[in-house]
Amino acid sequence: MERSTIVRVHDGLHARPATRFVKLAKGFESDIELIKADRSVSAKSSVKLMLLGVKENEEVTVRATGADEIEAIEALIGYLENPHAGTAEEGGAAKASSAESAPVKPQTPSTPSITSNAGKLRGVAASEGFAIGPAFGFFPAEIKHEHRLLAAEEIPAETARLTRAFATVQYRMDTSLAATDLAESDRGIIAALKDIASDDELTSAAEALVKEGIDAVSAVIGATSRISADFASMDDPYLNARADDVNAVGRQICLALLGQDDAKLDAIPPGAILIADDIGAWDLARAPLKHIAGVICGHGGATSHVAIIARAHGIPAVLGLGRAVHELQQVKAVALDGNSGDVFADPDQRTADRFHEQIGKAETEKQALKAYKDIVPKRADGTVIEIAANLGSLEEIEAAQEAGAMGVGLFRTELLFMRHIHLPSEDLQAETYATLAKAFAPHPVIVRTLDIGGDKPISGVDFPDEENPFLGWRGIRMCLDRPDVFKPQLRALLRAAVHGNIKVMLPMVSDLGEVRATRVLIDECAAELKAEGKEYSNFDLGVMVETPAAVMIAPALAKEVAFFSIGTNDLTQYIMAADRLNPTVAKLNDVTHPAVMAAIELTAKAGVEAGIMVGMCGEAAGRADLIPAFVKMGLTELSMSPSSIQRAKKCVLDLGQVGN
Ligand code: PEP
Ligand code: MG
């Protein structure tokens with residue numbers, strides 16, 4: 001028996017909807033197939049189903065054969081036609097991310113350490129503060145092919161070993177899913193991975209390879225790379241992202257075969273120092289940050305996103321140690337100075353005493369600065385200087401409010417995109433931006449449109465291999481080329497703007513045409529929303545000034561936008577031609593260099609003359625030693641990590657008192 005229908009599942013049968021469809025199908029005894037054009041797959045395999053690539057509004061046929069075929073067809077057609085009936089999810093609970101679940105690949109550090117004496121190393125000072133504590137190494141092992149050819153009599157035992165490994169991984173995933181304290185987003189990730197780990201497509205492909213005489217580890221690597229390549233080659237960005245999930249599952253099965261376990265960030269004990277060769281910004285963001293006393297990394301620099309997250313949470317960090325970080329793999333304790341970049345392996349008593357004393361002093365200063373939380377700092381002429389927060393997720397709202405943030409000067413939307421298995425829906429984005437707007441009203445909330453590329457790739461958008469990604473397809477360049485990604489974000493922002501305090505800014509602008517093209521898209525989105533009868537409101541549009549080109553055309557830009565926000569992290573790297581992630585040129589990547597300060601001053605002058613607001617959201621905005629110069633140049637908004645807000649308020653207040 002069979003029935004055809006038009007698929008009404010938003011974005012098609014990818015990831016979560018495929019899982020739901022398979023779950024439904026598995027509830028029936030009948031053999032069930034889903035047919036699209038001339039291809040048919042089992043409706044009980046989510047991998048096969050996803051690889052069928054069924055999109056919204058396409059016609060498919062459900063064929064069932066068995067005792068309960070009528071009920072099965074009714075239920076499955078019902079789901080395809082009306083996926084939301086009887087459920088409360090889609091866009092809510094089940095959010096999984098291949099970025100979250102991707103295995104952390106050990107990489108060869110590309111840069112040597114800057115200094116290395118006995119027991120003392122030096123890297124890039126990336127987040128201020130002192131820390132000392134037990135070392136927690138995060139060095140996931142690389143999985144290698146065993147390359148064993150099996151004799152015929154070895155095959156049954158190897159097949160049994162493979163079956164056990166699959167069962168172990170499924171059991172571990174079930175156990176994790178059963179945990180009551182599991183965050184909903186993590187539950188979504190694990191459930192998606194578990195679907196893959198128990199999918200026939202994967203198990204039988206691996207088993208077939210073992211039967212051909214290939215050892216189990218190589219068989220799993222072979223099977224997962226074939227399936228992940230299938231996902232990677234599909235013309236749907238959502239499905240491309242599943243390739244990482246398949247690889248992540250393969251890694252877990254190989255580890256089980258080898259009797260190994262991956263280092264887990266959630267096992268970090270309170271007060272420990274996290275030491276890693278490389279760590280993704282999103283891996284760090286979802287680690288138990290309250291437990292982490294300090295971060296030391298082989299990769300990264302002062303303005304890399306790991307540094308930004310560390311600063312947002314007041315965690316001292318030294319990054320860019322290069323290969324020297326491996327010297328710390330065996331140490332018991334470690335001390336780090338996030339102001340100088342010094343790292344001490346197994347510090348002696350004198351060093352330990354010095355660190356404890358510094359930590360005590362910093363704590364005293366922190367307590368004293370609390371008095372500035374509710375201050376509204378003003379220039380001598382009475383102009384308010386907004387001290388706002390840079391945020392990357394809703395979880396950081398509380399810390400920003402507790403610090404006394406006067407709004408949000410930069411909401412980086414990348415994490416929102418990085419934490420989902422597919423591009424976040426317009427509804428989810430609108431909800432996120434509205435939550436922010438309400439949390440900080442009546443202060444402004446400046447949301448930056450998606451700035452991916454450079455050191456911030458996401459799943460869901462296929463990035464070309466670029467020789468120089470920082471000079472490549474990132475920020476506004478990518479967005480304008482991908483209206484399918486950009487327009488839902490603009491529509492979500494227009495909808496959230498009804499709260500009255502949302503402003504929007506564009507990253508990586510280097511040409512007036514980019515602003516104009518964005519306006520055309522915004523108008524298009526507004527017209528669509530109007531036609532759909534949805535509530536929306538216009539917002540102020542500004543640009544980040546973070547390319548030398550934007551500085552040079554600042555007077556013209558200022559006529560077209562409502563505000564500037566100077567992004568000193570990128571501006572410094574582009575003005576100085578010094579990669580912000582490369583520790584060997586960290587000295588040149590200096591915002592206080594006269595060339596960078598001149599660029600900031602030119603931008604401020606252009607903005608002030610045009611009568612628009614000039615702010616800054618690069619890391620320099622929180623530097624007490626530079627704030628007086630920025631205020632003097634005419635900046636009226638400084639946005640920074642919440643941990644710097646109270647000191648910045650004090651700094652501006654002190655300026656006012658001396659009559660500047
Ligand atoms: C900047 O470049 O200064 C900035 C704030 O943006 P990001 O660090 O996210 O590139
Ligand atoms: Mg930038």
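Ligand 1 sits in the largest cavity. A cavity here is a set of points, on a 1 Å grid over the protein atoms alone, where a 1.4 Å probe fits but cannot get out; a molecule sits in a cavity if more than half of its atoms lie within 2 Å of its grid points. This is a predicted model, in which local features need pLDDT of at least 70 and side-chain atom pairs count only at pLDDT 80 or more, while totals for chains, interfaces and linings use all residues. Residues are numbered from 1 along each chain as its sequence is written, chains are lettered from A and ligands numbered from 1 in the order in which they are written, and side-chain values use heavy atoms, with hydrogens and water left out.

**Exercise 1. Describe the shell around ligand 1.**

Step 1: Start with the neighbours. Ligand 1 is surrounded by 17 residues, and the closest are Arg-412, Arg-448, Gly-567, Asn-569 and Arg-580. A residue is near a molecule if one of its heavy atoms lies within 4 Å of it.

Step 2: Sort them by class. The shell has 8 charged, 5 polar and 4 nonpolar residues. Asp, Glu, Lys and Arg count as charged; Ala, Val, Leu, Ile, Met, Phe, Trp, Tyr, Cys and Pro as nonpolar; the others, Gly among them, as polar.

Step 3: Find the elements. At least two shell residues each come from helix H12 (305–312), strand S15 (408–412) and helix H22 (568–576). H22 gives the largest share, 3 residues. Helices (H or I, at least four residues) and strands (E, at least two) are DSSP runs, numbered from the N terminus.

**Exercise 2. Find which atoms lie 2.7 Å, 2.9 Å and 3.1 Å from an oxygen atom of ligand 1, then see how much of the ligand is covered.**

Step 1: At 2.7 Å there is an N or O atom in the side chain of Arg-412.

Step 2: At 2.9 Å there is a polar side-chain atom of Glu-546.

Step 3: At 3.1 Å there is a backbone N or O atom of Thr-568.

Step 4: Taken alone, ligand 1 exposes 290 Å², and the protein buries 100% of that. Accessible areas come from the Shrake-Rupley method with a 1.4 Å probe.

**Exercise 3. Place Arg-448 in the fold and name its side-chain partner.**

Step 1: Arg-448 belongs to strand S16 (residues 445–448).

Step 2: Arg-448 counts as buried because its relative accessibility is 2%. Buried means under 20% relative accessible area, exposed over 50%, and partly exposed in between (1.4 Å probe, protein chains only).

Step 3: Its side chain makes a polar contact of 2.9 Å with that of Glu-414. Such a contact is a pair of N or O atoms within 3.5 Å; within protein, one must be able to donate a hydrogen and the other to accept it, and residues adjacent in sequence count only if both atoms are side-chain atoms.

**Exercise 4. Explain why H12 and H22 count as largely enclosed.**

Step 1: In H12, 8 of the 8 residues are buried, so the rest of the structure largely encloses this helix. Among them are His-305 and Arg-311.

Step 2: In H22, 8 of the 9 residues are buried, so this helix too is largely enclosed. Thr-568 and Asn-569 are included.

Step 3: Look just past H22. Ala-577, in the loop between H22 and helix H23 (594–610), has a positive phi near 50 degrees. Ala-577 is exposed, with a relative accessible area of 70%.

Key: On a 1 Å grid over the protein atoms alone, a cavity is a set of points where a 1.4 Å probe fits but cannot get out, and a pocket is an open set with protein on both sides within 12 Å along at least five of seven lines; lining residues have an atom within 4 Å of a point.
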